[in-house]
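Colleague: Could you walk me through this model and tell me what lies behind each label you use?
Modeller: Gladly, here it is.

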Amino acid sequence: MPLISIMGYREGWHSWFGEQGLVELQPMTSFESDNTTMAIDMAEAGVGALLGLSGHLYEPLQSGRLIKAHEYEMEAECGHYLVLPNRPMTAKVDNFCRWMLEELEQHPCKDNLDWNLSL
């Protein structure tokens with residue numbers, strides 16, 4: 001099956017196979033995207049197998065649009081950050097940040113989040 005990867009992640013197919021002791025295997029990515037949504041769409045369309053972050057794949061897996069092809073899960077050394085200029089926040093920005101934190105508290109992967117933000 002063709003392999004789909006997302007550019008910008010430190011971990012990729014070589015890491016995934018290597019952590020399972022399959023270091024002699026040198027998989028070639030067939031498709032590479034710089035956009036997570038596009039890579040998920042490709043996997044949903046049956047283009048190939050996708051290696052992605054669990055937080056991005058939760059909904060497509062729960063809805064049945066994707067299935068987990070293998071039980072092995074690998075730790076990822078990446079994250080998404082909300083960054084702001086070093087100046088007082090406007091009311092709109094403050095409201096947005098608070099709303100986002102409230103939404104993330106309901107996310108099934110919330111235990112993997114680093115709540116290092118004080119508003």
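Modeller: Let me start with a polar contact of 3.2 Å between the side chains of Thr36 and Tyr9. Bear in mind that the model is a predicted one.

Colleague: What makes the pair of Thr36 and Tyr9 a polar contact?
Modeller: The cut-off for a pair of N or O atoms is 3.5 Å, and the side chains of Thr36 and Tyr9 are joined at 3.2 Å. Thr36 has its place in helix H2, and its contacts beyond four places in sequence are Ile6, Tyr9 and His56.

Colleague: Which elements give two or more residues to the largest nonpolar core?
Modeller: That core has 11 residues, including Ile4, Ile6, Tyr9 and Ala43. Strand S1 (3-6) and helix H2 (36-44) each give two or more, and H2 has the largest share, with four residues. Ala43 touches Ile4, Gly48, Leu50 and Leu66, leaving aside residues up to four places away in sequence. Another core, of seven residues, lies apart from the largest one, and Trp16, Phe17, Leu51 and Met74 are among its members.

Colleague: How do you know that the length of helix H4 agrees with its number of residues?
Modeller: At 1.5 Å a residue, the 15 residues of H4 (91-105) should span 21 Å, and the end C-alpha atoms are 21 Å apart, so the two agree.

Colleague: And why are the buried residues of H4 said to be on the same side?
Modeller: Asp94, Cys97 and Leu101 are buried in H4. They cover an arc of only 65° around the axis, which puts them on the same side of H4. Ala91, Lys92, Asn95 and Glu102 are exposed on the other side.

Key
Residues are numbered from 1 along each chain as its sequence is written. This is a predicted model: local features need pLDDT of at least 70, side-chain atom pairs count only at pLDDT 80 or more; totals for chains, interfaces and linings use all residues. Side-chain values use heavy atoms; hydrogens and water are left out. A nonpolar core is a set of buried Ala, Val, Leu, Ile, Met, Phe, Trp, Tyr and Cys residues joined through side-chain atoms within 4.5 Å. Buried means under 20% relative accessible area, exposed over 50%, partly exposed in between (1.4 Å probe, protein chains only). Contact means heavy atoms within 4.5 Å. A polar contact is a pair of N or O atoms within 3.5 Å; within protein, one must be able to donate a hydrogen and the other to accept it, and residues adjacent in sequence count only if both atoms are side-chain atoms. The expected span of a helix is 1.5 Å times one less than its number of residues. The arc is that of the directions from the helix axis to the C-beta atoms.
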